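My notes follow in the order I looked things up.

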Amino acid sequence: MRVPGLKLVVSAFLCLLCVAAAAQAQDFSKAQRAEIRRFAANNSLFVLYHEIGHLLFHQLELPILGREEDAADNVATWILLNKRTKEADLALAQAAEGWALSGIAYDSGGEESDYAANHSLDKQRAYQIVCLMVGMDEKTFRPIANEYRITTDRQDSCNWDYGTINRSLLGLLGRDNKSGGGTEVTVTYHGAGRELQYAADAFKSSGVFDQVADELRNNYRLEKPVAFNARRCGEANAFYDPETVEVIFCYELMQDYMDLYSGSLAAKPAIKTKTGKTKPPKPSAEQ
Ligand SMILES: [Zn+2]
């Protein structure tokens, strides 16, 4: 049984762009639709690694110095950075872009309560990803850090940020990595219903859920079995539930990412700077 108070919420999205995006969907080319699905899958992948961060913190009883949500983002970034593949680099770049876009679309930081929330502001989450990227590999990621207009001084100091996180996570997770895996993970895709069927199919066919489940089986030895459940939740979100040792991915979140990127494609000139200084067109669903 899940205790709502213990849910660890990765992000709270309102589906403000759904109607606008749905209206535009037929306007996109086949290549653009594939691009939209890839963006949504890459952002979902980042979120899943973020939930894995929560899972590892709790199941391995790891120390967390600082806000857990920030630490979970750092785990997600660190895992992807250390894959050293073009696909993982793209996933990180698109995860940063996803936070930058959602920060604008949902006015993250627009309310005082945003500053008291357990998550950093969306734009800060974007910058933190890019900072760790350039902190790990200056040569490869300097262009993206420049695109985000992170100053050279800050880019240089990001090396310290990355080094601290790398040392900490290697120390905490290294020994478990060497265990050769053995975590029992079950993956279930629940029914989506008509409205979310496309998003559910896109999520399943992207393979990100099964990929992360496999890595958990192969790289970590957790005592308790872990359930991966993809389902409709009534909100665009993802959770780690410590009571049931469950990672829940909501189909609504995949839909939300597709809507977010559809909106940015439709208004590309306004959003391309990724600096948060320009606004996208007002979503038509917003009342
Ligand atoms: Zn979280």
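First, a term: helices (H or I, at least four residues) and strands (E, at least two) are DSSP runs, numbered from the N terminus. Another term for later: the expected span of a helix is 1.5 Å times one less than its number of residues.

**Entry 1: ground rules.** I noted that this is a predicted model, where local features need pLDDT of at least 70, side-chain atom pairs count only at pLDDT 80 or more, and totals for chains, interfaces and linings use all residues. Residues are numbered from 1 along each chain as its sequence is written.

**Entry 2: the whole chain.** I found 11 helices and five strands in the chain. Next I looked up burial. A residue is buried if 20 or more other C-beta atoms lie within 10 Å of its own, exposed if 12 or fewer, and partly exposed in between, with C-beta atoms placed from the backbone. Of the 287 residues in the chain, 42% are buried. Then I checked contacts, meaning pairs of residues whose C-beta atoms, placed from the backbone, lie within 7 Å. Among contacts with a separation of 6 or more, 69% join residues 24 or more positions apart.

Entry 3: I took helix α10, residues 251-266, and compared its span with the expected one. Its 16 residues reach 23 Å from first C-alpha to last, close to the 22 Å expected at 1.5 Å a residue.

Helix α3, residues 68-81, has 14 residues. It reaches 20 Å from its first C-alpha to its last, close to the 20 Å expected. I found α3 mostly covered, with 12 of its 14 residues buried. The buried ones include E69, D73, N74 and W78.

**Entry 4: the core.** I looked up the largest nonpolar core. Such a core is a set of buried Ala, Val, Leu, Ile, Met, Phe, Trp, Tyr and Cys residues joined through C-beta atoms within 7 Å. In soluble globular proteins, nonpolar side chains tend to be buried together. Here the largest core has 77 residues, and Y49 and V130 have the most contacts inside it. Helix α2, residues 30-59, gives the largest share of this core, 13 residues. I then listed what V130 touches, leaving out residues up to four places away in sequence: A96, I144, A145, Y148 and I150.

**Entry 5: the strands.** Two strands pair if DSSP finds at least two bridges between them. I started at strand β2, residues 185-189, which runs parallel to β3 and is joined to it by five bridges. T188 has N229 as its bridge partner in β3.

Strand β3, residues 226-231, also pairs with β5 in the parallel sense, over five bridges. I saw A227 opposite E246 in β5, and F228 has V247 as its bridge partner there.

Strand β4, residues 238-241, pairs with β5 in the antiparallel sense over four bridges. A238 stands opposite F249, and D241 is the bridge partner of E246. In β4, A238 and Y240 point one way, F239 and D241 the other, and all are buried. Strand β5, residues 246-250, has four of its five residues buried, so it is largely enclosed by the rest of the structure.

Entry 6: Most residues other than glycine have a negative phi. I looked for exceptions. In the hairpin of β4 and β5, with four residues between the strands, V245 takes a positive phi near 50°.

E61 also has a positive phi, near 50°. It sits in the loop between α2 and α3. Is E61 buried or exposed? It is exposed, with 7 other C-beta atoms within 10 Å.

R149 has a positive phi of about 60° although it is not a glycine. I placed R149 in the loop between α6 and α7. With 12 C-beta neighbours inside 10 Å, R149 counts as exposed.

Methods
Two residues are in contact if their C-beta atoms, placed from the backbone, lie within 7 Å.
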